[in-house]
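Grab a pencil and work through these exercises with the model open beside you. Try each task yourself before you read its solution.

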Amino acid sequence: GVSVALFTADLRVHDNPVLRAALRDAERVVPLFVVDSGIRRTGFVVPNRAAFLADSLADLDAALRARGGRLVVRAGDVVEETCRVAVETGASVVHIAGGVSRYAARREDRLRAELAQGGRLLRVHDASLTAVPPGTLTPAGKDHFAVFTPYFRRWEGFSVRDVLPAPDAVPVPEVGSAGLPDVKTLLSCPPGPVSPGLPAGGETEGRRRLRSWLAGPLDRYEEQHDDLTADATSRLSPYLHFGCLSPAEALHRVRAHAGPGAHAFVRQLAWRDFHHQVLAARPDAAHHDYRPRHDRWRADAEQIRAWKEGRTGYPVVDAAMRQLRHEGWMPGRARMLAASFLAKTLYVDWRVGARHFLDLLVDGDIANNQLNWQWVAGTGTDTRPNRVLNPLVQARRFDPRGAYAHRWLPELRATDAMHLPDAVRREAGYPSPIVDLAEATARFRRLRG
Ligand code: FAD
């Protein structure tokens, strides 16, 4: 028989439960990716992620061809296209990875119903997009963990499934034309520049980066992951987001490595699973405050623009926002302090900032982006929702010599980027601070207290 492996956020041949199950079920498999018009309509497809996706699909196609198969790419409504391919090839089963967003849940429901009309089955594989499947670990009487530490304790003790080898051969039936269509054209995302420092996508690149990460830099992760000057994090997030790298495999590999840094890094992978299990249980949290509040956000258009363009007058915030534009990526510490500045210091609705991040981040992810924003804004699962990060203190702690600020704000020639004299700012064309920190903090406490 024939089965369909419908790829979503699992663009890899190694450790892919969907591909393995499809091959187990049938003599021939259709490895399918649908450029989904539904996702395009949500505005989620942006130039940076479209470019990374195009790389990743080309790499997946090459990996499948090396195994005697190829990737079949269609464009249109994902449910209609998948059913069409199933009918064309006589497939009796479609396999897909279980998603955590409301969109993914609807997609699964619609697929199941439409396939059933032709007597076909949908099989959903839950241990694919996270190391621990969402919903597996729950506190007594609740459907998800809202606090990270108790979640992490249970998560650490969970026995994650073994890594699945890449298949040796992927026999594909006759289906449609044989070439890989031009994905960038199919995606037809809103025109806009791709960030010049965007990383290359794909499983090959993701695996290469994991190998070199394990071979050295991981050892320094525990001490340096927050250090903006050191730039010492893995940069694996886009590969995990698109599933070029399996989170379960990354976890096993890092644990096997066991050296310094491994524990701190594993903890970050647990944060990823944590946010996914929150969203799976509360899909509304992608758009609505997880912890409801009753006052109004401020919406000062000029301040919002200054934040987006990296002109707030606070060098560490502005450096972060310029790195975002240039690379489509920022280290976690930079995301945290830039987000806190918008949501707590300027008191602007976190959704405004989350949208801007999603417009640019190559790893832009509904679970991780929306729930981290809520965490920082104090509307989410943070157990200290009223703490306000002071950008001067953040700079002193995580960029003490101002090297990070200088890297992204070359116009600032002064050595002490934190305490720029007005004359230096004027000469460099660099703005004065757009907000007074003490007043902003007092305002936050008054509104939220
Ligand atoms: P490392 O420090 O090397 O961590 C390894 C991996 O652990 C990351 O690749 C990531 O998959 C995971 N991870 C680390 N920190 C977190 C976290 N706080 N939450 C969830 N997973 C984590 N991450 C995204 O993947 N996509 C997003 O859209 C995203 N938006 C964010 C928005 C805000 C406001 C904040 C504060 C954080 C956001 N993060 C997001 C989480 C985190 O900042 C990034 O995953 C991380 O900085 C990516 O860099 P790295 O791969 O070098 O991370």
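Two residues are in contact if their C-beta atoms, placed from the backbone, lie within 7 Å. Helices (H or I, at least four residues) and strands (E, at least two) are DSSP runs, numbered from the N terminus. This is a predicted model, in which local features need pLDDT of at least 70 and side-chain atom pairs count only at pLDDT 80 or more, while totals for chains, interfaces and linings use all residues. Residues are numbered from 1 along each chain as its sequence is written.

**Exercise 1. Find the buried residues of helix H11 (residues 247-257), then say which elements they pack against.**

Step 1: A residue is buried if 20 or more other C-beta atoms lie within 10 Å of its own, exposed if 12 or fewer, and partly exposed in between; the C-beta atoms are placed from the backbone.

Step 2: apply the rule to H11.

Step 3: The buried residues of H11 pack against helix H8 (203-214), H10 and H12.

Step 4: check what follows the helix.

**Exercise 2. List the domains, then describe how domain 2 touches domain 3.**

Step 1: write down the bounds, which come from an automatic or database domain assignment. You get domain 1 (2-127), domain 2 (130-161 + 204-281) and domain 3 (301-448).

Step 2: describe the contact between the two. It takes 17 residues from domain 2 and 20 residues from domain 3. On the domain 2 side, H10 and H12 are the elements that give two or more residues, and H12 gives the most, with 5 residues.

Step 3: sort that side by type. Ala, Val, Leu, Ile, Met, Phe, Trp, Tyr, Cys and Pro count as nonpolar, Asp, Glu, Lys and Arg as charged, and the others, Gly among them, as polar. The domain 2 side then splits into 6 nonpolar, 6 polar and 5 charged residues.

**Exercise 3. Locate the ligand: which residues come nearest, and why does it lie between two domains?**

Step 1: collect the shell. A residue is near a molecule if its C-beta atom, placed from the backbone, lies within 6 Å of it. There are 28 residues around the ligand, and Thr233, Ser234, Gly332, Asn369 and Asn372 come nearest.

Step 2: sort the shell. It has 11 nonpolar, 12 polar and 5 charged residues.

Step 3: find the helices. Helix H10 (237-241), helix H12 (262-281), helix H15 (332-345) and helix H17 (366-377) each supply at least two shell residues.

Step 4: draw the conclusion. Domain 2 and domain 3 both give residues to the shell, so the ligand lies between them.

**Exercise 4. Decide whether Ser234 and Asp365 are buried or exposed.**

Step 1: Serine 234 is in the loop between helix H9 (221-224) and H10, and aspartate 365 is in the loop between helix H16 (350-360) and H17.

Step 2: count neighbours. Serine 234 has 22 other C-beta atoms within 10 Å, so it is buried. Aspartate 365 has 26 within that distance, so it is buried too.

**Exercise 5. Look at two residues with a positive phi: where do Asp15 and Tyr347 lie?**

Step 1: read the angles. Aspartate 15 has a positive phi of about 45° although it is not a glycine, and phi of tyrosine 347 is near 55°.

Step 2: Aspartate 15 sits in the loop between strand S1 (2-6) and helix H1 (17-25), and tyrosine 347 in the loop between H15 and H16.
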